[in-house]
Amino acid sequence: MQDVKQKRRLLEIFTNENVDFKREIMAGITTFLTMAYIIAVNPNILSAAGMDAGALVTATCLAAGLSTILMGVFANLPFALASGMGLNAYFAFTVVGQNKIPWEIALTAVFVEGIIFILLSLFKVREAVVNAIPKNMKYAVTAGIGLFIAFIGLQGSGIVVNNDSTLVALGRFTSPTFLIALLGLLIIAVLDKKGVKGSILIGILVSTLVAWGYAKFDPAYAASLGIYLPEGIFKFESIAPIAGKIDFGYMLHPTTIGSFFVVVCTFLFVDFFDTVGTLVGVCSRANMLDKDGKVPNAGKALMVDAIGTTAGACLGVSTVTTYVESSTGVAAGGRTGWTAITTGVLFLLAMFFSPIFIAIPSCATAPALIYVGYLMLGAVKNIDFDDLTEGVPAFITIAMMPLAYSIGDGLTFGVISYVAINLIYNIFFVKEDKKKVSWVMIILAFLFLLKLIFI
């Protein structure tokens, strides 16, 4: 009976029957507001590579908007895409900064990565990886992502700060960003408890207005905390300085081809498994997995991700990936492609209104990330911790995502530990009824080990 209900619910979602468009639009707005920081952060990071900052604002919005709309139209999933954090830093500070590779060549590496991903998606390699992850591991990925994005929110608000002796420590309670984030979190929690629709969005908006009010009251100190009033309303920059700058000369030269493909492989590994982890985690949180624990339309979603990366390189931005902040829209009720379409349209509009969205401070979006982290952590109740061959890898996955500050690294250690523990247990302790470990998981674990050793 439960399977029948689940099939009916998924059918309604993926055929757009009985869609609550008001809820989907609100969810899309919520996702956009939690992601809007990328409009400011991505140009800030990539401009360190010598790229034009104004053009990067437009290219970031354009790549995110078109990719996210394609996700909604083609895959009918409520996921948003944009230039990936971490990958953009690797692009600017390691590939270009440390390795002294021109940014045009780095964009070429991103383009090649995207082409490889398109081929892997066409042959359903990425889809096989998503579907091969065991159910308990899928729940662990959900919980791990929850802790990860909550940690991002805690950092962004100054509730936790860097510390030389303990790595992290509690921030100063009297800091405006600390108090604004707590206010937003309180609003979201109370409104959600009361069943108010759009509670996450309301929390972001109220926190933003309070932050802007403080910036007007004490502009100098507010600026030191990363809080600024919008500098106007309208602004548009051409992408001509960075678009279409793909250059294959470095890839074809015998003395540089090796270092070029090391860069490509790094982009591949990080993007591949960040996207896989995000798809699995957010779908699990939304109860969108089918009875076999598979992600519906995973193949289409991964193809969109690959196309987004390829097109993004042509527009002039680093690797485009599926964003974990999509979970905020899912938590707000988004279940179909209409959520993604709404988010994508807002990114396109933001090209002309970027001063407003750039001015949304991290302390205003932090409450949404923290609250959604709490919601996603609830997946741990579905994990069978009594079975140590399932529970230990799940725990490692959950712990490593926030502590390694990477969804991909968390999944890496989770998969390796799952395969190692189960194979050793099967070989040395079980004579019959051995647990089946899929060949896909074994191959993944081997590739992950190679990645840890050589990349």
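Colleague: Which helices and strand each supply at least two residues of the lining of the largest pocket?

Modeller: First, a caution: this is a predicted model, where local features need pLDDT of at least 70, side-chain atom pairs count only at pLDDT 80 or more, and totals for chains, interfaces and linings use all residues. Residues are numbered from 1 along each chain as its sequence is written, and side-chain values use heavy atoms, without hydrogens and water. Helices (H or I, at least four residues) and strands (E, at least two) are DSSP runs, numbered from the N terminus. Here the suppliers are helices H3 (37-46), H5 (87-98), H8 (135-157), H13 (257-285), H18 (362-377) and H20 (407-428), plus strand E4 (320-322).

Colleague: How is a pocket defined?

Modeller: On a 1 Å grid over the protein atoms alone, a pocket is an open set of points with protein on both sides within 12 Å along at least five of seven lines; lining residues have an atom within 4 Å of a point. The largest pocket holds about 1200 Å³. Its lining has 45 residues, and Tyr37, Met85, Gly86, Ile152 and Tyr405 are the closest to its centre.

Colleague: What about the second largest pocket?

Modeller: That one holds about 410 Å³. Of its 20 lining residues, the closest to the centre include Ser354 and Lys235. Helix H4 (53-75) gives the most to this lining, with four residues.

Colleague: Is Ser354 buried or exposed?

Modeller: Buried means under 20% relative accessible area, exposed over 50%, partly exposed in between (1.4 Å probe, protein chains only). Ser354 has 5%, so it is buried. Ser354 sits in helix H17 (residues 354-358).

Note on methods. On a 1 Å grid over the protein atoms alone, a cavity is a set of points where a 1.4 Å probe fits but cannot get out, and a pocket is an open set with protein on both sides within 12 Å along at least five of seven lines; lining residues have an atom within 4 Å of a point. Grid points are joined across faces, edges and corners, and a volume is the space filled by probe spheres set on the points.
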